[in-house]
2 protein chains.
Amino acid sequence: MPGLTAVDEDDVSSAPRDGAPTADGADRPPAPGTAVPEAPAVPEATVARLPQYLRALSALAEAGSRTVSSEALAEAAGVGSAKLRKDLSHLGSYGTRGVGYDVEQLHRHIADRLGQAASWRVVIVGVGNLGHALAGYSGFASRGFTVVGLFDDDPAVIGRVVGGLRVRPLEEFGEVVGEPGSAIAVLAVPARHAQAVCDRLVAAGTRSVLNFAPTVLRVPDGVDVRKVDLASELQILAFHAQRRAAAPAHRPSAAGPRGATGAPAGPLLPHALHRVEEVV
Amino acid sequence: MPGLTAVDEDDVSSAPRDGAPTADGADRPPAPGTAVPEAPAVPEATVARLPQYLRALSALAEAGSRTVSSEALAEAAGVGSAKLRKDLSHLGSYGTRGVGYDVEQLHRHIADRLGQAASWRVVIVGVGNLGHALAGYSGFASRGFTVVGLFDDDPAVIGRVVGGLRVRPLEEFGEVVGEPGSAIAVLAVPARHAQAVCDRLVAAGTRSVLNFAPTVLRVPDGVDVRKVDLASELQILAFHAQRRAAAPAHRPSAAGPRGATGAPAGPLLPHALHRVEEVV
DNA sequence: AAGCGTTTGTGAACGCGCGCACAAAGTCGC
DNA sequence: GCGACTTTGTGCGCGCGTTCACAAACGCTT
Ligand SMILES: NC(=O)c1ccc[n+]([C@@H]2O[C@H](COP(=O)([O-])OP(=O)(O)OC[C@H]3O[C@@H](n4cnc5c(N)ncnc54)[C@H](O)[C@@H]3O)[C@@H](O)[C@H]2O)c1
Ligand SMILES: NC(=O)c1ccc[n+]([C@@H]2O[C@H](COP(=O)([O-])OP(=O)(O)OC[C@H]3O[C@@H](n4cnc5c(N)ncnc54)[C@H](O)[C@@H]3O)[C@@H](O)[C@H]2O)c1
């Protein structure tokens, strides 16, 4: 959404520009020159896709590719090539026409933009069923995140060591979180406590929250909240499944069988389906 | 009416919806034959919010409310009231002017639209760190889902009982999944195996997949895939956090991302922040 | 150096979703 | 029974995001 008024956002990112002799020092597109410093403002939709591009680039680099075309990278990331090029254009021009993008250089650049130059500190609050799984997840490190604290308020859980970290009481939160905005909090407490816990985290300086509890969190301006609601995801899938079931095969004959991937090409949904409700 | 600023959750993450849109996506206008009665075509953005409305309605019903105004329900769901009314209008008119909506009736109606009349069958594939947490999660049942099967291929895991269900080998998948499209599969296997496992599930009749593995899944038309990528969520938060850090005290009014509170909101952002990279 | 094929970057059209504002429709008070 | 008030439902304008299509830019070959 339009929410963020990206303020300046100049290319101040320390401009490491290591060895890469980009030759063209003239790719400073929006030369402000006059008037307001304005904001290149990367669109939200683009930001949401950058992680996918980064993942695809990591895979390509590991596979030995040195350059990729927008077509190939888009394929790997599961998007259209035009969309990918436009997305990258918001970050600046880092491709070479006629060749493509330098895998390593583009990876570095996107990682910089995502703040992944150094590892972000992550704290997990609520080490229950879900929090335990998250604490033991090894996939965060490779994406630029380091879990530096686990918190709970259950005496039976406090003190246990999970994933190499000791579970602490919430009172010690302030000691671990550090500077305001320097850590991301993952909320994995029961829904009825989520708001209260969130308030404490914000009071302690938290500016970024990933919420797993199925509740609407109220936070002051300046705090960023993203939610992951598994039940909602299932319900959205259920909605589509139900619609699919209600609308049987249309165009019985003329249906163009544009196969996607090696898989059964046969038309599905032979007849109406029914769901059962008993448990096995 | 002009009192409070529109409450408005972030919710930017609406359906990236990669892959191929279902063939029947939106071929409504040029109705070739006779006028088809069905398919008012609920917008995707609306579908993604229906679960939130349903949750809010459940809470209201439990609190004893018999009716709600669009304003109150929107507040509870964390959206704007105009948006909510427009969303509901896509489902048909079920409100009473001058009064509001009947809580129980609206809940029933939305639940019907989401196919929640009966409990959907859910199978979890990959009972590791994450799959274990999901299998033991009690929050699915109240949202209309019943876990009916757990699958893995690790002999050390097969046979174990988790959440009252025995973990089965993938070979038995076909016996449990039932009619094509009648169950939703939750993928919680390592990324490098996700595609292969997904192919097997689809071949066995699965039409809805919720993917936790950080990979792009290729599926044939007619199969609906939604992904939950925790690392990406963190990276998006990191992007905003970094931008916030780069933009010091500016205009707090329009700056922050999606404020929710309609009142005081004492934004601080005292000074620039820095991240540290060493682990504790 | 010039031509040729390739690929990027982007201008422009298009469609979707959002929020405003208001008339219609209903309730409540008298 | 009637007027005033409340709240829904929606028409409309607008901005964001996606897609198409193409000229400019680049490497490679001759
Ligand atoms: N488990 C899942 O697979 C799953 C799936 C989707 C959503 N969720 C949501 O994630 C959240 C956690 O789920 P769970 O299954 O891990 O629940 P859980 O009950 O197993 O764990 C919750 C943990 O939070 C701790 N806690 C409670 N109040 C606290 C407080 N005030 N401060 C600090 N810690 C506190 C508890 O001690 C417990 O350890 C819930 O909101 C749930 O709805 C879980
Ligand atoms: N644990 C988390 O908190 C977390 C967070 C984000 C994403 N993920 C993703 O979720 C997935 C699972 O994560 P995890 O931590 O549970 O991993 P895990 O290794 O703990 O569990 C994976 C399970 O899948 C099983 N498996 C492997 N190959 C299989 C196959 N071919 N068929 C059936 N089962 C198979 C394994 O036996 C194991 O039990 C991974 O893709 C991971 O990236 C996990």
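1. Start with the elements around ligand 2. Helix 5 (129–135) of chain A, and helix 5 (129–135) and helix 7 (191–203) of chain B, each supply at least two residues of its shell. Helix 7 of chain B gives the most, with 3 residues. Keep in mind that this is a predicted model.

2. The site is shared between chains, because residues from chains A and B surround ligand 2. There are 22 residues around ligand 2. Those that come nearest are Tyr137(A), Asn129(B), Leu130(B), Asp152(B) and Val189(B). By class, the shell has 15 nonpolar, 4 polar and 3 charged residues.

3. Next, the polar contacts of ligand 2. An oxygen atom of the ligand sits 2.5 Å from a side-chain N or O atom of Asp152(B). An oxygen atom of ligand 2 is also 2.8 Å from a polar backbone atom of Asn129(B). A ligand nitrogen is 3.3 Å from a side-chain N or O atom of His193(B). On its own, ligand 2 has 810 Å² of accessible area, and the protein covers 84% of that.

4. Now DNA strand D. Around it are 26 residues, and Arg49(A), Lys83(A), Ser70(B), Arg97(B) and Tyr101(B) come nearest. They divide into 7 nonpolar, 10 polar and 9 charged.

5. Arg85(A) has a side-chain N or O atom 3.3 Å from a base nitrogen. Lys86(A) places a polar side-chain atom 3.1 Å from a base oxygen. For Arg97(B), a polar side-chain atom lies 2.9 Å from a sugar or linking oxygen. Helix 3 of chain A gives the most to this surface, with 4 residues.

Methods:
Residues numbered from 1 in each chain as written. Chains lettered and ligands numbered in written order. Predicted model: local features only at pLDDT ≥ 70, side-chain atom pairs only at ≥ 80, totals over all residues. Heavy atoms only, no water. Near = heavy atom within 4 Å. Polar contact = N/O pair within 3.5 Å; in protein donor to acceptor, adjacent residues only side chain to side chain. Areas by Shrake-Rupley, 256 points an atom, 1.4 Å probe, with all protein chains shown as cover. Nonpolar A, V, L, I, M, F, W, Y, C, P; charged D, E, K, R; others polar.
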